[in-house]
Amino acid sequence: MSTTVEPATAGTAEPISIHGQAVRRGDRIFRGVSLFAGITILVIIGAIGIFLIWRAIPSLQANTANFFTTSAWFPDQTPNPVFGIAALTFGTLFTAAIAMVLGVPVGIGIALFIAQYADRRLASTLGFVTDLLAAVPSIIFGMWGLSFLTPHMEGLGQWLNDYLGFIPIFRNDLNQYSKSILIAGVVLAIMVLPTISALSREVLTQVPRSTIEASLALGATRWEMVRQAMFPFARPGMISAAMLGLGRALGETIAVALILSASNVINWHITEPGGNTFAANIALKWNEAGPIGLSALIASGLVLFAITLVVNTIARGIIARHAEFRESS
Amino acid sequence: MAKRIDIANLDAYYGTFKAVGDVSLSIEPKSVTAFIGPSGCGKSTVLRTINRMHEVIPRAYVTGQVLLDGEDIYGPDIDPVNVRRTIGMVFQRPNPFPTMSISENVVAGLTLDGKKRSKAELDSIVERSLRQANLWEEVKERLDRPGGGLSGGQQQRLCIARAIAVQPQILLMDEPCSALDPISTLAIEDLIEQLKADYTIVIVTHNMQQAARVSETTAFFNLPGVGQPGRLVEIAPTERIFSNPTQEATEDYISGRFG
Amino acid sequence: MSTTQMTPAPATEPALHDLLAGRQLPRWAPLAAAAAGIVISLLLNLISAVDGVAGTAVVAAILFVIFQTGWSLRVEGRRHAVDRLATTAVYATFVIAATPLIAVLATVFVKGIKVISMTFLTHSMRNVDTQGPGGGLQHAIVGTFQQVGLAALMGVPLGILAAIYLVEYTADAKSSRLARAIGFVVDVMTGVPSVIVGLFVYSAFILTLGLPRSGFAAAIALAILMLPVVVRSTEEMLRIVPRELREASLALGIPRWRTITKIVLPTALAGIITGVMLAIARIAGETAPLLLTTFLSQSFNYNAFKGPQAALPTFIWDQFTSGTQASQDRAWGGALVLITIVMLFYAGARLIARFTGVKKF
Ligand SMILES: Nc1ncnc2c1ncn2[C@@H]1O[C@H](COP(=O)(O)OP(=O)(O)O)[C@@H](O)[C@H]1O
Ligand SMILES: [Mg+2]
């Protein structure tokens, strides 16, 4: 390969010398292999996009309805397939929004509790416990949501209808409270808690002691100190934490598939049965889909991929910028 | 507005560890008192008991009395939040709030109470405090820039401005120059000289020349042995401590034979 | 107030005591407020203005907050009242988070333990009527171990090598730019939904390359899902290996790759194993990618490369959605087995981390 390299001196059979060819080759191979592993990761992400686009095209060409504004999902209908992602987009965004409204304050509250309010020994135990929440498989959350949470949320649904029913989203005309977007949102909120609290806790514990003491020494109460010294410092990290949680809520599949009744309609009454999401729709329709049906599901998956990619890129971008800023200052 | 401080039979603990024991001393109003002594003898600890910052450390507590013009700041109806507002503190490392601008830093203590203040009023407080801290001329063009962008010495003066913006009665300084270069140190020492006209100042320093330059009174703390609580050895006019100390330990320390 | 004027007039200065004093609620104030809230809520329950355990608890909590905040507002002032309110809220978030965790674990245990038996653990569903009781999930345990094992065989070496590249071979500007890109993609990959990875394996390997739907196809999806976790944890472990150690070895004339394999990796080994176990715990319960890439089987299949193969998550899915009492019971039994396996990996990772002093986890 390279003629300029000195041959290994005779006698030193062990390839130890820095100039030895064997050494160079060993290093080159090892470096090449690990570079290959790194590149593979780049290739995978690119391949996900390319293959999804490629396999989505047949159904998009066959579709006789507008992909973006149609709610119905009949891709295997012959001769005129009809399907679109309007209801899926609605259900996905709405369940994720509920998850954010409930999950972000609670997740940040837990992080704050562990970082500032609990004593240190208790804090590390509690950190472990919230991490356990992350280890529970999502199918189990779905089963729990369906068989335990649903009956317990009926009272809340009725209460919302009785007292807040003048707000359209809380009205329930069917007097049925199971399999609703609200229940799916609540389960998603629980599932994103560990994601949000783990990263928030990390940034909140990074707030320098000196900054905290500066605030206390000015006569701040604990909460005033949290708002003055901790939150501004940790804000970029907490925003990214919320975005990562959002990414998880948007893409969660099995829990939502078990809870929702999977009807592709747009229903603003969030306590009534109904609604569907991108991910749940894929899991539920997969085994009954024909060739165009599979391609249509892949097309919807492509949209979900794009959405989560954007959300995660923004979240990571915020973290990266902040880390650079902190290193340079 | 400056007040006198009387500390009586003070013990300070971190959990079960007694860091300093049996400290009694008096500090005159409008004077500069220096705490000197070897590292770990409890100077910072005693200083932080004077504005009840000691107890923000988990499981830390004190016994004994700290009187501010005769008022026990550890009394039952005293609010530590008010004590800290009345007794300002400057730390060893400059610690301006990194996310705030210079002017926001200055009024950070004032805005805590959530009262509405006019912009003109806040501006005048910013200017007055920065002038008192000898920083106004250097930063008046960039008040809305981050406080973290200043040099170390400027940051420390910003912290002093922040502490005096709430018009405290007393200013506590824990080795305010130890992280600074000699020129910045001189600037701070000049500032202390000016501030003592209005404030009672207590300064911890490991630099004996600095104690001699800025203080009227010096308290020497020592550590009798490893694991034992630190003690106040003697407190006397600075001149006497440096020329003619009554205790042998003080003499050893200032002549560099020890510590 | 005089304190905000440019030159304070000493004459109007408030008395020192007023400056320092602040009336505080007694230590038992929160307890008293809580007791009052609970008692009143129970009374409301008795006269049936409130009903249900949850309703009573919520009303008690709201009353507690109102009592404590109001009392504090009167005695201590606005700032302390807000502080107490915030403290209550922060503590409450913790209760709110702990409740579902306990409820989930308790539900799984109570419902799952009913069907756990020797038969359940050692049999498959072959020739068992799904509508009726009986049968077991050993075929699913076998499938899960094979699929996860294959995934680890692919994902772990790839992840560790990629982490080595990121840490050890990025000195020059060009490779450090590449490393930043890879690092960013790894982070983004953590957030790619598992169902998308399933779609990808289906489109690329099954539709395009003609691989059959099988345990192996599922393993490819799981490997992709565990990859970012392995890369990140390995990377962190490699970064905390002291530079002196590397330099000492290089200075002895030991080539870089031998330094990495003989010095750096062994030093970081405990941490890397911890990360791998956490990654396995994460993928073992994945359901969506398996639904897309395998066919469910009711029987043993020891060959992950051929034919339908069960796995615990798909077993649970199948039984739960079959909808009879007996099948739902089996689903809960499967959930208990799955969560036990996941928690064992999780706890094992923690134990290794603790006993070898790996701080990060
Ligand atoms: N946060 C703390 N927790 C436990 N011990 C502490 C803490 N801060 C200081 N100490 C101990 O208290 C003693 C006095 O410390 P300090 O007051 O900082 O000394 P000085 O300021 O004179 O150097 C030392 O033994 C020190 O180890
Ligand atoms: Mg000190």
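**View 1. Asp131(A) forms a salt bridge with Arg350(C).** The closest N and O atoms of Asp131(A) and Arg350(C) are 2.9 Å apart. The model shown here, as in every view, is predicted. Between chain A and chain C, the count of salt bridges is three. Residue pairs in polar contact between these two chains number 12, counting pairs with both residues at pLDDT 80 or more. On the side of chain A that touches chain C, helix α1 (residues 21–62) of chain A gives the most, with 22 residues. That side of chain A divides into 58 nonpolar, 16 polar and eight charged residues.

**View 2. Chain A and chain C in contact.** Chain A brings 82 residues to this contact. Chain C brings 78 residues. About 7200 Å² is buried between chain A and chain C. Carbon and sulfur atoms give 80% of that area.

**View 3. Chain C in contact with chain B.** Here 16 residues of chain C meet 26 residues of chain B. The two chains bury about 1900 Å² between them. Of this area, 52% is on carbon and sulfur atoms. How many salt bridges are there between chain C and chain B? The count is zero. Polar contacts are present: three residue pairs, both residues at pLDDT 80 or more. In chain C, α1 (16–20) and α4 (78–113) each supply at least two residues of the side that touches chain B. The largest share, four residues, comes from α1(C). By type, this side of chain C holds six nonpolar, seven polar and three charged residues.

**View 4. Ligand 1 and the residues of chain B around it.** Tyr14(B), Phe17(B), Ala19(B) and Ile57(B) are among the residues that surround ligand 1. So are those of the run Ser39(B), Gly40(B), Cys41(B), Gly42(B), Lys43(B), Ser44(B) and Thr45(B). A backbone N or O atom of Gly40(B) lies 2.7 Å from an oxygen atom of ligand 1. For Cys41(B), a backbone N or O atom lies 3.3 Å from an oxygen atom of ligand 1. Ser44(B) uses its side chain: a polar atom there lies 2.6 Å from an oxygen atom of ligand 1.

**View 5. Pro266(C) in helix α11 of chain C.** Helix α11 covers residues 256–284. Pro266(C) is partly exposed, with a relative accessible area of 42%. Which residues does Pro266(C) contact, leaving aside its neighbours within four places in sequence? They are Ile260(C) and Thr261(C).

Key: Residues are numbered from 1 along each chain as its sequence is written. Chains are lettered from A and ligands numbered from 1 in the order in which they are written. This is a predicted model: local features need pLDDT of at least 70, side-chain atom pairs count only at pLDDT 80 or more; totals for chains, interfaces and linings use all residues. Side-chain values use heavy atoms; hydrogens and water are left out. Contact means heavy atoms within 4.5 Å. Buried area is the accessible area (1.4 Å probe) that two parts lose on being put together, summed over both. A salt bridge is a side-chain nitrogen of Lys or Arg within 4 Å of a carboxyl oxygen of Asp or Glu. A polar contact is a pair of N or O atoms within 3.5 Å; within protein, one must be able to donate a hydrogen and the other to accept it, and residues adjacent in sequence count only if both atoms are side-chain atoms. Ala, Val, Leu, Ile, Met, Phe, Trp, Tyr, Cys and Pro count as nonpolar, Asp, Glu, Lys and Arg as charged, and the others, Gly among them, as polar. Buried means under 20% relative accessible area, exposed over 50%, partly exposed in between (1.4 Å probe, protein chains only). A residue is near a molecule or strand if one of its heavy atoms lies within 4 Å of it.
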